Amino acid sequence: MKGRIANLIRNSIKNPSYALQVGKNKVISLTNLDYHLLNGYSFLPSVIRIDLTYRCNLKCKICFEFGENPQQTFKSGKDYENIPFEYLKTVIDEVSFFKPTFYLSGGEPLLYPGIIELLEYLQNKKLYCLINTNGVLLEKYARDLVKLGVDKIIVSIDGPEEVHDLNRGKTFKKIIEGIKVIKDIKKRENRYFPLIRINSLITPFNSEHLEDTVTMAEKLGIDSLTFQHPMFSNEEVRKGYVECVKNDKLNQINILGFTYEGGIDTDSLLRQITNIKSKKIKIPVNFYPDIKINEIKYYYSDLNYKFENKCLSAWRKVIITPEGKIGPCVNHLLDNISHKSFREIWNSSKYVTFRKNLKKNGLFPSCMRCCLREY
Ligand SMILES: C[S@@+](CC[C@H](N)C(=O)[O-])C[C@H]1O[C@@H](n2cnc3c(N)ncnc32)[C@H](O)[C@@H]1O
Ligand code: SF4
Ligand code: SF4
């Protein structure tokens, strides 16, 4: 709690519009007035996630994009491996007045050729910026990330070295080295940013090591830790999804790339999560999504289990892909920023229809384990 408040205060001093933004988003998410009352129209989003590139320097086994069962449709169009920088500038110029959070991801965002130019552009506009990276290139970019005052770096580390490397190849040592270099520069130059968060994806490789991961994060002296339950599917879910959207003119694609076929002991997972939640830990630790304790076993064992049938993503955030496609999530891309302005797209008839259908019909079969879901 103390850590969270300290971070909020520091963020607000660095960027006064941040505190206003956090307050406004809190009120919106507590009332959800637009969701309830505006018949498919929405207030402006709080997060703009940009997948800068489809390129990646790793091939993690359980990655939904590049893992063992990648959906090739998703990576079609080689011309658009990287999002053109002029698309980014146009969108940033247009949305900067409402101060959304920019969440940069990919593929691997540090492979984007214009990454430094983009960070400078965001910094000049005083926009809150997060980067979700696999950490392999952290050492190379450490000085720039500190100098440019990136707000937060979310580094994917799946646990202690032996288990992390099983999913991500032999990368652990390099990532830790990168984190240490950033921490050293911050210390030397008396800088508070970027904050560093570890995002640890729960996999069959690391599911017995959650408590070791907490100890590792505390020792590393990073600022926060999240555990992410994996997004996965099977053939049945994929077929259900295709059936569900076949008459839909909204042109959805489907990236349910990772097929989970067991290997996580849910009793043990439950025990570890209960321990972590009841322990005194030096840094904030969160689970995402924060599934109710009694529903965890269904998350992993029953693909037909009905979790809450609701998602507010289409009201709260947008995702932009390397081709410039835009929508509430990668499974549902509704338009393209290459030929329309954000303002034209956000409350367009396509978007409004999508929101109305989602609210009326509930979620698609593929949504139950979606990591972009908003409650
Ligand atoms: C797709 S990656 C892109 C950014 C960068 N390449 C990285 O690995 O951090 C974004 C996040 O998704 C997580 N991720 C990968 N596969 C996933 C899955 N099957 N379910 C949920 N999250 C997943 C990664 O651990 C990472 O933190
Ligand atoms: S580094 Fe990220 S994008 Fe690349 S394969 Fe791993 S999880 Fe996927
Ligand atoms: S749950 Fe995920 S895939 Fe489904 S609508 Fe929400 S963000 Fe999109």
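For sorting residues by class, Ala, Val, Leu, Ile, Met, Phe, Trp, Tyr, Cys and Pro count as nonpolar, Asp, Glu, Lys and Arg as charged, and the others, Gly among them, as polar. Keep that in mind for the close-ups below, which come from a predicted model.

**View 1. Here's the shell of residues around ligand 1.** There are 20 residues around this ligand, and Phe 64, Asn 134, Ser 156, Pro 230 and Met 231 come nearest. Sorted by class, the shell has ten nonpolar, eight polar and two charged residues. Look for strands β3 (129-133) and β5 too: each supplies at least two residues of the shell.

**View 2. Now for the residues around ligand 3.** This time the shell has 13 residues, and those that come nearest are Cys 311, Ser 313, Cys 329, Cys 367 and Cys 370. Which classes turn up in this shell? Nine of its residues are nonpolar, three are polar and one is charged.

**View 3. Helices α4 and α5 pack against each other.** Find α4 at residues 85-95 and α5 at residues 115-124; their axes sit 11 Å apart, at an angle of about 10°. Angles under 35 degrees count as roughly parallel, so α4 is roughly parallel to α5. On the α4 side, the contact uses Phe 85, Leu 88, Lys 89 and Ile 92, which meet Glu 117, Leu 118, Tyr 121 and Leu 122 of α5. Split by class, the contact has six nonpolar residues, no polar ones and two charged ones.

**View 4. Helix α9 meets helix α11.** Here α9 (residues 210-220) packs with α11 (residues 266-278) at an angle of about 35°, and the axes are 9 Å apart. From α9 come Leu 210, Glu 211 and Val 214, and from α11 come Gln 272, Ile 273, Asn 275 and Ile 276. That contact divides into four nonpolar, two polar and one charged.

View 5. Which residues of α9 are buried? They are Leu 210, Thr 213, Val 214, Met 216 and Ala 217. What do the buried residues of α9 pack against? Their partners are β5 (195-201), β6 (224-228), α11 and β7 (285-288). On the face turned away from the buried side, you'll spot the exposed residues Thr 215 and Lys 219.

Conventions: Residues numbered from 1 in each chain as written. Chains lettered and ligands numbered in written order. Predicted model: local features only at pLDDT ≥ 70, side-chain atom pairs only at ≥ 80, totals over all residues. Near = placed C-beta within 6 Å. Axes fitted to C-alpha atoms, helices over the stretch in contact; angles between N-to-C directions. Helix = DSSP H or I, 4+ residues; strand = E, 2+ residues; numbered from the N terminus. Contact = placed C-beta atoms within 7 Å. Buried ≥ 20, exposed ≤ 12 C-beta atoms within 10 Å, placed from the backbone. Parallel < 35°, antiparallel > 145°, perpendicular 65-115°, else oblique.
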